Amino acid sequence: MDISRKMGIMVFSGVPAIIGGGILYAVFGGSFVPVIVYLMILLLFAGAFLSK
């Protein structure tokens, strides 16, 4: 996989991390635990996709 495709995947997963993290932070009343769990799951899916 070339570098431009990896950068595209990074941007594609970075936008949901920022938006989704903010939404989860607001929904759960300012707790970072759900945000960290969400980011870990997103990181696992992105890593699995990149490792193919």
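User: What does helix α2 reach from its first C-alpha to its last?
Analyst: Helix α2, residues 33-51, reaches 27 Å, close to the 27 Å expected at 1.5 Å a residue. The expected span is 1.5 Å times one less than the number of residues, and helices are DSSP runs of H or I with at least four residues. This is a predicted model, where local features need pLDDT of at least 70, side-chain atom pairs count only at pLDDT 80 or more, and totals for chains, interfaces and linings use all residues. Residues are numbered from 1 along each chain as its sequence is written, and side-chain values use heavy atoms, with hydrogens and water left out.

User: Which residues of α2 are buried?
Analyst: Pro34, Val35, Leu42 and Ala46. Buried means under 20% relative accessible area, exposed over 50%, partly exposed in between, with a 1.4 Å probe and protein chains only.

User: What covers the buried ones?
Analyst: The cover includes α1, residues 3-27; contact means heavy atoms within 4.5 Å.

User: Switching to the whole chain, how much of it is buried?
Analyst: Buried residues are 15% of the 52. The C-alpha trace spans about 40 × 15 × 10 Å along its principal axes.

Notes
Helices (H or I, at least four residues) and strands (E, at least two) are DSSP runs, numbered from the N terminus.
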